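Subject: Structure handover

Hello,

Here is the structure we spoke about. Please look through it, and then read the notes below.

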Amino acid sequence: MQQEKNSNYPSNAFGRFWMKVPLVVRSVLLGCGVSFIGIGIWTILATSLPGIGSVALMGAILILYWIYFSGKWKPSNTQAFRRFCIRQIKLKRPVWTWGLLAAFLIFLFLNACFILTFRFVEFQPEIFKNLSFINDFPAWQAWSIIIGISMVAGICEEIGFRGYMQTPLERKYGPVVAISITSLMFVVVHLHQAWAGGILVQIFVISFMIGYLAYSTNSLLPGILAHVAFDIINVSYWWSDVIGTFERKPISMTGVDNHFIITVMVFLLSIILFIVAIRKLLKLKKEDSVDLVLRPVMSKSAIMKTQHRH
C-alpha cells in the first residue's frame, strides 16, 4: 500500500511541496491564477491593440485557453485534474433547459438587485462609471470593448473561480462551504474596483448563485452564459453610458412608485424561481448519479440472463 501511494505522489520537489499546502490555500491560489492569466492577457491586448483587433485576437486566445484548461495538451500528469476542474461540457437536454433558465434568472436578479440598491441609496455615476471613456468611441469600437470585457470576465472568472477553485473544495468540504469560500474570494478580488465598496453583499450573493448553478449542473457553461450576459449590461449601462444611465432617485425622495414595486416583484420572483430551478437541477443530478451506479449492475444482470437462456 505504501508503494502504491508513493507511485501516485509527485516525484519533483515542487510537487511534493505543493501537495503539503492546505487544500483551501491551493485552490484559492490556483483559481485566482487561472483566472488572472486570461484577464492579464486581455489587459495587455486592450491597451496595446485597442478596438476590434484586440477582441478578435483575444477570441482566438480564449479558444486555446479553454482547450488547455479543459484537460487537453501536455503535461499529461495534470490532464485528469484539469478535466475534473472544468466539470462537464456535454449536458443532457433537461439540464440545459433548467440550467439556462437559472442563468436567465441570475441575470434578472442581478439587475433587479442593482436597481433596488439605488432606489434606497442614490446612484453615484462618478464612482460607478469607471469605463465612461468608451462613451466617446464609435459604436463598433465601444461594443467591441464591451463584448471583449464580458467574454473574458465570463469565461476566465468562471473557469478560475467556479472551476479550479470551487470544484476541489466541493469534494472535500461539500457545496455550501466550497461556494462560500469561492464567493468570499470573488468579493476580495473585486475590492480594487471603486464601485465594489457599496455592493459587496450583492457581489457575494451573485457569486453564490452562480456557484450553486455550477454545482447543481456540474457544468460551468450555464454560469458562463449568465456571467457574460450580465457583464454586457454592467459595462454598457452601469459602468458607462453606451445604452443609457440610471436616473431614478431613491424612494426617500420620490416615495414608493410603480417602478419600485415592479422591481421588487422581479427581484422576489427571480430568486424564488431560481430556487425552484436549482431544486430541479439537483433532482436531475441525483437521478443521474443513481443511473451511473445502477447501470453496471443492470448490465451485469442482463449478461447473466443471456447466459442463462443459452
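Predicted model: local features only at pLDDT ≥ 70, side-chain atom pairs only at ≥ 80, totals over all residues.

Residues are numbered from 1 along each chain as its sequence is written, and side-chain values use heavy atoms, with hydrogens and water left out.

Whole chain

The chain has 13 helices and 0 strands; helices (H or I, at least four residues) and strands (E, at least two) are DSSP runs, numbered from the N terminus. Along the principal axes, the C-alpha atoms fill a box of roughly 80 × 45 × 35 Å. Of the 310 residues, 42% count as buried (under 20% relative accessible area, with exposed over 50% and partly exposed in between, using a 1.4 Å probe and protein chains only). Taking contacts (heavy atoms within 4.5 Å) between residues at least 6 apart in sequence, 76% join residues at least 24 apart.

Helices α6 and α11

The axes of α6 (residues 93–120) and α11 (residues 221–238) come within 8 Å and cross at roughly 30°. Axes here are lines fitted to C-alpha atoms, for helices over the stretch in contact, and angles run from 0 to 180 degrees between N-to-C directions. The two helices are therefore roughly parallel to each other (under 35 degrees; over 145 is roughly antiparallel, 65 to 115 roughly perpendicular and the rest oblique). The residues of this contact divide into 17 nonpolar, 3 polar and no charged; Ala, Val, Leu, Ile, Met, Phe, Trp, Tyr, Cys and Pro count as nonpolar, Asp, Glu, Lys and Arg as charged, and the others, Gly among them, as polar. On the α6 side they include W96, F107 and F114, and on the α11 side L225, F230 and W238.

Helix α10

Helix α10 (residues 200–217) has 18 residues, which should span 26 Å at 1.5 Å a residue, and its end C-alpha atoms are 26 Å apart, which agrees (the expected span is 1.5 Å times one less than the number of residues). Of its 18 residues, 13 are buried, so α10 is mostly covered. N218 follows α10 and has a positive phi, near 50°.

Residue E158

E158 lies in helix α8 (residues 139–173). E158 is buried, with a relative accessible area of 1%. Leaving aside residues up to four places away in sequence, E158 touches A153, G163, I210, L220, G223, I224 and H227.

Regards
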